[in-house]
Each structure stands twice: as C-alpha cells, then as structure tokens.
Amino acid sequence: MLSDLTMKQRRHEKRMGARSVAGCVVAAFLWSVASAQLRYSISEETNEGTVVGNVAKDLGLDKSTLKDRKYRIVSRDADPLFYVSQNDGVLYVRRKIDREEVCAQSSTCSLNLKTVLENPLEVHYVGVEVLDINDNSPTFTEEKKRLEISESVLPGARFQLKPSRDSDSGPFSVQQYKLSHNDHFRLEVRDKGEDGKIPILVLQKSLDREAAERHSLVLTALDGGKPPKSGNMNIVVNVLDVNDNTPVFSKDVYSVLLSENAPIGTTVIQVNATDLDDGQNGEIYYSFGNSVSNQLFAIFDINPSTGEITVKGVIDYEQKDKYEIEIEASDKGLAPLTTEKSVIIKIVDVNDNAPEIEVTSFSSSIPEDSRPGTTVALISVNDLDSGLNGKVICSIGEDVPFGLSSSLQDKMYSLVTKSPLDREQQSHYDLTITAKDAGQPSLSSEKTISVVVSDVNDNSPVFSLSPYTFYVTEGNDPGASVFSVKASDRDENENAVISYHIVRDGSEDNKVTSFLNINSDNGDIVTLKSFDFETLKTFQFQVVATDSGAPSLSTNVTVTVFILDQNDNAPVILYPLSSNGSAEGVEEIPRNVNAGHLVTKVRAYDADIGYNGWLLFSLQELTDHSLFALDRYTGQIRTLRSFTETDEAEHKLVILVKDNGNVSLSATATVIVKLVEPKEAFAASDVKSAAKVDEDDNVTFYLMITLGSVSVLFLISIIVLIAMQCSKSTDYTSKYLQETNYDGTLCHSIQYRSGDKRYMLVGPRMSIGSTIVPGSHANTLVLPDRRRASEEVR
C-alpha cells in the first residue's frame with residue numbers, strides 16, 4: 001500500500017525532471033526541513049491485527065533501530081485504535097473501528113497519528129482514512145405520520161416531511177426517496193447539504209373530502225449501497241375543510257450574531273408572522289421545522305405564542321460556528337396551514353479555552369557537562385479557540401539555564417540548555433512552562449517538569465585537613481589503628497568513592513612508611529611496630545586519595561606525626577561540631593527511611609597511639625532506645641526500625657567517646673536527629689497530540705520561491721562547498737553511496753555536526769518535489785574531524 005507522500009514524489013519526478021540544477025538544490029534544501037506525512041486507508045469493521053501499512057519502510061527508517069529508539073505511537077487514548085510494531089515498523093489495527101462512532105457522519109474520516117523515535121528525537125505524522133461500508137439502514141424518527149390537509153388546498157401545495165437518517169456517510173447515506181403510487185400526491189426531494197435530503201410531499205391533484213376523506217401513503221428511503229438498504233414511513237392524510245390563508249413572515253431572511261457561552265435564557269431573535277384569516281384560522285403557532293435535529297432542540301427553544309427564540313443549552317463555537325434553523329408558523333384552523341422560514345444564527349468566538357501543554361518526549365536526567373543547546377524535551381501547545389484567541393506563545397523563566405526553541409512544526413517547542421550546568425551547585429530544576437494566548441482577556445496555563453542534573457567526575461577529593469598532624473605515645477602496640485585521614489568528594493556515586501594509599505618512594509627520609517599501613521576504604525592508618533620516643537620524635541609521609549571516576553582524580557596530603565611518651569590526650573570529637581566549637585550537631589533525615597539507614601557518623605580522634613588512642617563509642621543518653629543504635633567502633637548511628645507517625649519529630653542522642661588508657665579519658669558528643677517529610681516527585685504526563693497543519697500545493701510552491709530568493713546567497717555558498725567536497729571526497733562517494741539509480745552527480749550535500757563527529761548528507765540529482773526522508777542514514781558520510789585527525793571514518 002503506497003503512501004500519498006510516495007505517490008506525490010513520483011508524479012513530481014516525472015513532471016519536473018527537466019528543471020535546472022538550481023531548482024534541484026532549492027527543493028533539496030526546503031524538503032530537508034519538512035516533516036514527512038504518510039497517509040493510508042482502511043475500511044471500517046476491519047478485523048483486529050489487520051496490517052495498515054509499513055510505516056518504517058515508507059519513511060525509510062532503519063528497522064534494526066526501531067526497538068532501541070522506542071518507536072511508538074503517542075496517544076492520549078487509554079485504548080488506541082492502532083499500534084506499531086517495534087520489530088518491523090508495521091502499523092496494525094488494535095481493535096475494530098466503527099466509523100460512525102469515530103467520525104459520526106463526516107464526509108471524510110481521517111485519523112491523525114503521531115509517532116515518535118528517541119535518541120535522537122524524531123516525530124512523524126501518519127494519517128489513516130477510515131472508509132465507510134454500508135452497515136446501517138435508513139430509519140425514520142416516526143413510523144407513522146399523520147397530515148391534515150384542507151380540501152381547498154390548491155395543487156402544488158408542499159408538505160415537508162421529517163427526513164430519514166442513516167448513520168453511514170457519503171454514498172451509503174440516504175440517496176433517494178420513493179412514494180407509493182397514488183393520484184393526488186407526488187414526491188420532491190430537496191438537498192440541504194449537512195442536513196441531508198429532505199422529502200417534500202407535493203399535492204398534484206385537488207382533494208375531495210366527499211370522495212375520500214383519508215389517503216394512505218408509504219414513503220421509502222433508500223441508501224446508495226449495492227444492493228441498497230431501505231426504511232419505510234406510513235403517511236396518513238386526513239382531508240379537512242376550508243382554511244385558505246397561510247401565515248406570512250414579516251422578513252424574507254432572518255440572520256443574527258450570537259456570542260458563544262451565552263447564558264441560558266438569552267433571547268436570540270424573535271420571528272413574526274401574520275395570517276389574514278379570522279379567529280383560530282388566523283392565530284399563529286410557532287415551532288421548529290421537521291428538519292431540525294434533536295441536537296438543536298437541546299440548544300435552542302422557541303416560544304410558540306411570540307416566536308421568540310432563546311438559548312436553552314451550551315453554545316460552543318469550537319463545536320459549531322453556524323446554525324440554520326427551520327421555523328414553522330402554523331395557524332390554528334381545523335386544517336392548519338404552515339409556512340416555513342430559515343433563521344441563520346452565526347456564533348461569535350470568545351476566548352474561553354486556555355492553552356494546553358503537552359510534553360511529547362522528555363529526558364528527566366541530563367549530564368552536567370552537556371553543551372548549551374542540548375535538547376531536554378519536546379513540548380507541544382494547543383488552543384481550541386480560533387484567530388488571535390488560538391495564537392499561543394510559550395515561555396519559561398529567565399533565571400534557569402534552560403530555554404525554549406521554536407520548531408518548524410507549528411506550536412512545537414524544544415526545551416534546550418542555554419548555559420553550562422553544575423550539579424554541585426544545583427542538581428535539580430523544577431521548570432515551569434507557561435503558555436499564553438493572544439485573546440482579550442488573555443488565558444494562560446502552566447506545566448512544571450523536573451530535570452535532574454546527573455554527575456560527571458569533575459571534582460578531585462579534598463582532605464578534611466591539610467596537612468594532618470598526629471601525636472602518638474611511645475610504646476604503642478603494633479597493628480593498632482593510631483590515626484586516620486579523611487577526604488571528601490563533591491561528586492556522587494562512583495565518582496565520590498574514595499580509596500587511600502601511602503606514598504612509598506624508598507628514600508632515606510621515607511623509611512618509616514614501611515612500618516605503616518592504611519585502610520584503602522576509610523583512611524585508617526595502623527603501625528607495624530612500636531615507636532620509641534628516645535629514638536624517633538617526629539616523622540612525615542604523604543597519603544594520596546583517589547576517586548573511582550573514569551578517568552579518576554586524586555589529591556595528596558602531608559601527614560606529620562609527633563611521638564609522645566604519655567597518655568595525656570583525651571579523645572577529640574571531629575564530628576559533629578557546632579558553629580561555636582562544641583561537639584553538638586543536628587542531622588535531618590526523611591521520615592520514610594528503612595531500618596539500617598545511616599543517620600550520621602560520630603568522628604573522633606586521640607593524639608595518643610596504641611590503646612591510649614583506641615576510641616570506643618557508647619550511647620550515654622537516648623530518648624528512644626528502639627529507634628537508634630550506635631556502632632561502638634565506627635561511631636556510626638543507624639536506625640533500628642522504620643519511623644511511624646507517632647514517633648517524635650526530634651530525638652537527642654548523647655554519645656560518650658573514651659580511650660582505653662589505664663586512666664581512661666573521654667569526651668561526649670550530642671546529636672539532634674530531626675525527622676522531615678520527603679520531597680514530592682513530579683511525573684510527566686502524556687498529552688495531547690499536536691495539531692497538524694495541511695499545506696496547499698500552491699502555497700508550498702510560492703513558499704519555495706520566496707525562501708529560495710531570500711536564501712540565494714546561502715545556497716551559492718553551499719554549492720561552492722559541495723563542489724569542494726565532491727572534488728576532495730570521491731573515495732567517500734564510492735564507498736558509501738550504493739544506490740542503483742545514482743547517476744554520479746552530487747546535486748546537494750548538507751554538512752552538520754553531532755557530538756565529536758562531522759557528517760555530510762549527499763544524494764543524486766533530485767527534482768522539485770523530491771523528499772529527503774528524515775531518519776534515513778543510507779546516504780550519510782562520516783567525515784574525519786580536522787580537530788581530531790586521528791579518528792577513523794565511521
């Protein structure tokens with residue numbers, strides 16, 4: 001099944017093959033920025049799983065990348081009518097389609113699908129026309145119609161009947177009416193466009209009540225099927241006596257303007273008719289005509305005595321902008337006479353619809369080293385109003401490193417980075433998109449999306465002190481942890497995992513390091529021998545902290561050790577420390593953490609070494625023993641269970657830190673634990689499909705001429721660049737261009753950059769109307785970057 005795009009391309013190629021090379025370049029340039037549109041057609045009631053068309057093949061997409069690029073149909077419907085296979089790009093029917101349910105009685109039932117590929121982002125539009133089948137029979141709202149006609153009515157009198165309705169459209173709707181054979185009446189049919197064909201009963205021979213006071217007729221409606229389907233209505237005509245003047249309206253045409261959203265009860269217009277007869281034969285009764293649909297009965301009402309038409313329901317310009325109502329004026333004679341008149345009501349649009357924002361494709365996380373201009377999300381906006389009321393302008397706050405870039409597709413925007421990002425300064429952004437229409441007064445809407453800045457390894461480890469100074473009492477026990485170093489990294493995850501090692505250069509001044517070992521995970525340093533204060537009073541060495549990033553970053557620090565001969569140093573709290581220097585700190589943790597969560601780590605050191613410097617941690621004071629536990633060796637405070645709503649929001653922990661000397665020395669630290677609520681996360685919704693704009697062929701032709709004229713200088717530069725590339729890159733064309741219909745002439749080439757690579761899109765001579773299908777890489781060359789001459793051509 002060929003798409004409309006392919007058929008148009010072939011017709012243009014045959015018609016315009018003799019155009020000049022300059023015309024070919026203009027066509028290539030203009031079509032390269034256009035968005036391809038495929039069209040297919042299927043019949044309604046088609047079985048589930050029926051193939052509609054091969055979208056990937058018709059768009060020239062690489063089938064092997066469809067699944068990786070998450071090729072899919074974007075739809076807000078919970079149960080969509082179609083689905084596309086990510087294996088081969090074939091569009092299938094998901095469930096049976098009832099055309100009358102989807103498109104009512106529209107002459108053309110066209111469903112617009114929006115398909116999306118990611119990495120890079122691409123949007124393709126696919127139109128599917130649902131063809132009608134003759135699956136409904138004509139029906140009358142009345143199975144039996146009674147008419148009362150005076151015998152004085154002259155031949156030629158017309159009596160409009162309620163038309164038959166058929167849910168099918170086009171040729172399968174009601175096409176003709178037939179009237180059973182009789183001597184007094186014939187049938188005329190009036191075509192009223194949207195309201196269908198209206199049957200009119202015409203008196204062709206005067207009635208004689210004395211000869212026959214009742215006539216029975218059968219009206220048959222037939223549709224255009226083969227064979228046609230039909231429906232019948234029985235008509236009974238009662239012949240009455242003399243009422244020979246029909247009502248006459250005061251105007252030939254009634255027309256009025258009505259604003260949408262007019263309040264219920266608003267007077268639209270008042271019609272007036274008069275009758276020259278006397279008594280009841282001259283009294284007028286107003287009503288809607290037989291051709292008025294049930295929908296109009298729900299929207300408008302008419303006063304039968306005064307002819308005043310008022311608003312009864314909701315007036316919505318977006319649903320319908322014009323109403324034509326048939327009004328009947330009947331007298332009250334024994335054989336009422338009726339006159340019809342059309343009232344045209346034109347609806348005036350007001351700005352009653354706020355713009356709608358839809359995030360079509362969204363990358364919730366972006367690396368902090370992303371270049372300015374990197375696309376984060378595609379955003380489409382839509383407004384159901386018309387004119388200026390439907391013109392939408394989209395904006396974003398100026399105090400964020402992001403901006404909106406308008407797309408070639410109408411009402412489409414790209415959310416891009418506009419300045420460098422730094423996760424360490426800000427790792428999360430809540431971006432508010434504002435869409436505002438041009439109506440008076442203006443309406444606007446907002447949508448907030450969350451963007452997380454992911455980490456890259458751009459920070460080296462930083463030691464808590466530089467340099468370190470430690471004091472060790474002589475006679476220490478070999479193998480005991482005497483002191484530790486600590487470094488931190490502003491990065492996160494693997495980029496912040498730090499390992500430690502001691503620099504050993506083998507020099508005479510660095511011999512002492514052979515008796516030291518460091519724990520690579522936590523920076524704890526142990527000695528392999530006892531120090532003698534009389535032989536060694538001080539020494540220095542260096543410790544290097546290296547993170548686990550790729551590539552890794554490192555920092556070194558100098559550690560100076562002084563040997564002491566007594567246990568005269570009490571433990572010192574490193575963390576927590578308040579602003580005034582006391583061992584007191586406040587830790588905030590989310591209320592929803594699980595058991596085993598690390599609240600904080602109390603850090604302390606003792607300038608002594610051996611047992612005098614071996615510190616133990618214990619809980620001296622605790623508000624709730626069931627909530628927290630303290631590791632006596634590491635000082636880590638962890639939760640014993642999950643928090644409940646009844647737990648207090650603040651807990652005080654007093655930690656005793658003491659050494660193991662003969663005369664034990666100690667210190668205390670106070671940790672205040674506060675429970676806070678977790679932050680809420682924002683989720684991105686699917687949306688609304690962007691509105692599609694159909695372009696007329698003549699407008700496109702004029703647009704091509706205008707853009708070509710404006711861009712002539714730019715195109716001349718491109719032609720010169722093409723000639724230079726073609727003369728230098730014959731080996732590329734022979735290696736990568738394998739099309740059988742290529743005649744060796746490079747009529748166009750477009751160079752662009754993606755990441756570290758330069759690409760050149762080249763192709764054979766193309767006529768006006770030819771299309772470069774987006775997403776096709778069959779004729780793309782990868783050029784060596786002059787800045788990276790060593791890279792291979794991919």
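This report describes strand pairing, a nonpolar core and a surface patch in a predicted model.

## Basis of the values

Residues are numbered from 1 along each chain as its sequence is written, and side-chain values use heavy atoms, with hydrogens and water left out. Because the model is predicted, local features need pLDDT of at least 70 and side-chain atom pairs count only at pLDDT 80 or more, while totals for chains, interfaces and linings use all residues.

Strand S13 spans residues 214–223; strands (E, at least two residues) and helices (H or I, at least four) are DSSP runs, numbered from the N terminus. Seven of the ten residues of S13 are buried, where buried means under 20% relative accessible area, exposed over 50%, and partly exposed in between (1.4 Å probe, protein chains only).

S13 pairs with strand S10 (residues 174–179) in antiparallel fashion through five bridges; two strands pair if DSSP finds at least two bridges between them. Nine bridges join S13 to strand S14 (residues 230–240), also antiparallel, and these two strands form a hairpin with six residues between them. Thr220 is the bridge partner of Lys178, and Thr220 has Asn232 as its bridge partner in S14.

## A four-stranded open sheet

Four strands form an open sheet in the order S42-S49-S48-S45, with mixed pairing. Its edge strands, S42 (584–590) and S45 (616–622), each pair on one side only. On average, neighbouring strands of this sheet are turned by 30 degrees against each other, direction ignored; axes are lines fitted to C-alpha atoms, for helices over the stretch in contact, and angles run from 0 to 180 degrees between N-to-C directions.

Within the sheet, S48 (residues 650–658) and S49 (residues 666–676) are antiparallel and share nine bridges. Ile655 stands opposite Ala669 in S49.

## The largest nonpolar core

The largest nonpolar core contains 27 residues, and Leu258, Val268, Phe300, Ile327 and Ile345 have the most contacts inside it. Such a core is a set of buried Ala, Val, Leu, Ile, Met, Phe, Trp, Tyr and Cys residues joined through side-chain atoms within 4.5 Å. Elements that each supply at least two residues of this core include helix H5 (294–299), strand S16 (254–259) and strand S23 (338–348). Strand S22 gives the most, with four residues.

## A nonpolar surface patch

Val712, Ile716, Val720, Leu721 and Met724 form a nonpolar surface patch with about 400 Å² of accessible area together; areas come from the Shrake-Rupley method with a 1.4 Å probe, and for residues only the protein chains shown count as cover. Like charges are joined within 9 Å, and nonpolar side chains (Val, Leu, Ile, Met, Phe, Trp, Tyr) within 5 Å.

Val720 lies in helix H7 (residues 712–728) and is partly exposed, with a relative accessible area of 46%.

Technical notes. Patch = residues over 30% accessible without salt bridge, like charges linked within 9 Å, V, L, I, M, F, W, Y side chains within 5 Å. Salt bridge = Lys/Arg side-chain N within 4 Å of Asp/Glu carboxyl O.
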